[in-house]
Amino acid sequence: MRVVVVASQKGGEGKTTTTMNLAAVAAKNARCLVVDVDPQKSATDWGLAAGDRLPFDFAEDFDPKNLARLRELDYDIIFVDTPGNLSDTHILGAVLDVADFAIIPMMPAVMSVSPAQRTIAMVTERGVPYRLLLNKVDMRVAGQLEDWVKVIDSTMGVPRFKQHVRSYTTHSDAPLRGDVVTQYPDTRKTANAIFDYSAVALELTSIWAQSKEGK
């Protein structure tokens, strides 16, 4: 089994949307659990809106002692949605201590760089493999994607997912409806939104496969 922590010490980077949608895609082929450890309970509110329609199991827990036992649960993949602030660092640390992999969503914005770097420092000091996910990319802004790929690769010098996630109203509206990406209507309007998270999930599986082969 694998514990995947979705982390950023800044709100608004898209942790919850990333957690819920990657879990939905992974649930097509694996037994998945999403655990909300963020006291703001964004993922929990999403789950309440969904009712019994989520394709994965769901739980919330903010007790570091319980979180230290995540690996005892009988699932193939556990995705953990974490707090987006500095005051709940003890909760983030507890889940990183049992994590197999970390995903760090980052918006293409200058104010997002330092929080991402702080989060990366917490992840790397524990030796947890990770990738930064460039998130909420506005393709209407000329050069935004290319410029921020350069920032990540050259200035920050950290590993990233090759796939990025574009900014779509469909994603921002989904929590209100309780929808996850595998439940979006498959139309021309939603095709790219569905593709992005499916591609990130596929890339994540590929990273794990390569890691296994390298052992």
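A residue is called buried under 20% relative accessible area, exposed over 50% and partly exposed in between, with a 1.4 Å probe and protein chains only. The model is predicted: local features need pLDDT of at least 70, side-chain atom pairs count only at pLDDT 80 or more, and totals for chains, interfaces and linings use all residues. Residues are numbered from 1 along each chain as its sequence is written, and side-chain values use heavy atoms, without hydrogens and water.

**Helix α2**
- Helices (H or I, at least four residues) and strands (E, at least two) are DSSP runs, numbered from the N terminus.
- Ala43, Thr44, Trp46, Gly47 and Ala50 are buried in α2, which spans residues 42-50.
- These residues lie on the same side of α2 because they cover an arc of only 160 degrees around the axis, taken from the directions from the helix axis to the C-beta atoms.
- Their cover includes α1 (15-26), β2 (32-36), β3 (57-60), β4 (77-81) and α7 (169-177); contact means heavy atoms within 4.5 Å.

- An open sheet of six strands runs in the order β3-β2-β4-β1-β5-β6, with parallel pairing; two strands pair if DSSP finds at least two bridges between them.
- At the edges are β3 and β6 (130-134), each of which pairs on one side only.
- Five bridges join β1 (residues 2-6) and β4 in the parallel sense.
- Val3 stands opposite Ile78 in β4.

**Helix α6 on the sheet**
- Helix α6 (residues 144-156) packs on the sheet and touches β5 (101-106) and β6.
- The direction of α6 makes about 155 degrees with that of β6; axes are lines fitted to C-alpha atoms, for helices over the stretch in contact, and angles run from 0 to 180 degrees between N-to-C directions.
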